[in-house]
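Welcome! Have a look at the sequence and the fold, and then let us walk through them together.

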Amino acid sequence: MYNSLIEYINSRVSRPLEASEINILKNNFVPHKLRKRQIFLQEGDVSNHIGFLVKGSMKKYSTDTKGTEHIMSLYIEGWWVVDRESFAKLTPSSFNIEACEATDLLILTKKAAEEVFSFLS
């Protein structure tokens with residue numbers, strides 16, 4: 001499962017990740033599975049996690065007062081899944097993020113993100 005994340009990062013950095021850096025990733029990203037229609041983030045909750053989508057697909061949407069769903073983003077394999085504003089500002093999200101099919105993610109908490117992103121920058 002971690003191979004997808006490592007390949008993704010290696011394709012975007014100037015040098016391949018070292019073994020110590022890969023260990024940091026493996027120690028901070030936690031595998032997580034969602035069933036079809038299972039919620040990753042619910043409107044009104046603070047986004048404390050960011051996910052790397054390994055397998056499956058997801059959608060970010062809001063629901064209006066009539067119950068109509070408005071899709072804001074679709075996520076596919078190899079993409080990051082998060083409500084960026086809620087994650088960055090620790091404010092309640094205006095969106096739901098839901099699995100469109102059985103999904104495998106690697107989850108990173110806000111605290112762990114600080115360690116991981118410090119060595120990537």
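## Charged pairs and the overall fold

Lys-33 is exposed, since its relative accessible area is 59%; here exposed means over 50%, buried under 20%, and partly exposed in between, with a 1.4 Å probe and protein chains only. Before going on, please note that this is a predicted model, in which local features need pLDDT of at least 70, side-chain atom pairs count only at pLDDT 80 or more, and totals for chains, interfaces and linings use all residues. Residues are numbered from 1 along each chain as its sequence is written, and side-chain values use heavy atoms, with hydrogens and water left out.

Back to Lys-33: what does Lys-33 form a salt bridge with? The partner is Asp-104, and the closest N and O atoms are 3.0 Å apart. This pair links distant parts of the chain, with Lys-33 in strand β1 (residues 30-34) and Asp-104 in strand β8 (residues 103-109), 71 residues apart. Asp-104, for its part, is buried at a relative accessible area of 14%. A salt bridge is counted when a side-chain nitrogen of Lys or Arg lies within 4 Å of a carboxyl oxygen of Asp or Glu. In general, side chains of opposite charge can pair when their charged atoms come close.

The whole structure holds 4 salt bridges.

| Pair | Closest N to O distance |
|---|---|
| Arg-15 and Glu-21 | 2.7 Å |
| Lys-33 and Asp-104 | 3.0 Å |

In the Arg-15 pair, Arg-15 is partly exposed at 40% relative accessibility, whereas Glu-21 is buried at 9%. In the Glu-69 pair, Glu-69 is partly exposed with a relative accessible area of 36%, while Lys-59 is buried at 14%.

### The chain as a whole

Now let us step back. The protein chain has 4 helices and 8 strands, where helices (H or I, at least four residues) and strands (E, at least two) are DSSP runs numbered from the N terminus. Reading along the sequence gives the pattern α-α-β-β-β-β-β-β-α-β-β-α. The radius of gyration is 15 Å, close to the 14 Å that the globule rule gives for 121 residues, so the chain is as compact as a globular protein of that length. That radius is taken over C-alpha atoms, and the globule rule is 2.2 Å times the number of residues to the power 0.38.

The C-alpha trace spans about 50 × 30 × 20 Å along its principal axes. Of the 121 residues, 40% are buried. Among contacts with a separation of 6 or more, 71% come from residues 24 or more positions apart; a contact means heavy atoms within 4.5 Å. The chain carries 15 positive and 15 negative side chains, and the centres of the two sets lie 2 Å apart. For this count Lys and Arg are positive and Asp and Glu negative, with His and the chain ends not counted; each charge is placed at NZ of Lys, CZ of Arg, CG of Asp or CD of Glu.

### A buried lysine

Leaving aside neighbours within four places in sequence, Lys-60 is in contact with several residues, among them His-70, Tyr-75, Asp-83 and Phe-95.

### Two loops to look at

The loop between β1 and β2 (39-41) contains Lys-36, which is exposed with a relative accessible area of 55%. Beyond its neighbours within four places in sequence, Lys-36 is in contact with Ala-99, Cys-100, Glu-101 and Ala-102. Arg-37 is also found in the loop between β1 and β2 and is exposed at 63% relative accessibility.

Arg-37 has a positive phi, near 70°, in a residue other than glycine. Most residues other than glycine have a negative phi. Leu-90, not a glycine either, has a positive phi of about 55°. Leu-90 sits in the loop between α3 (84-89) and β7 (96-99), and is partly exposed at 45% relative accessibility.
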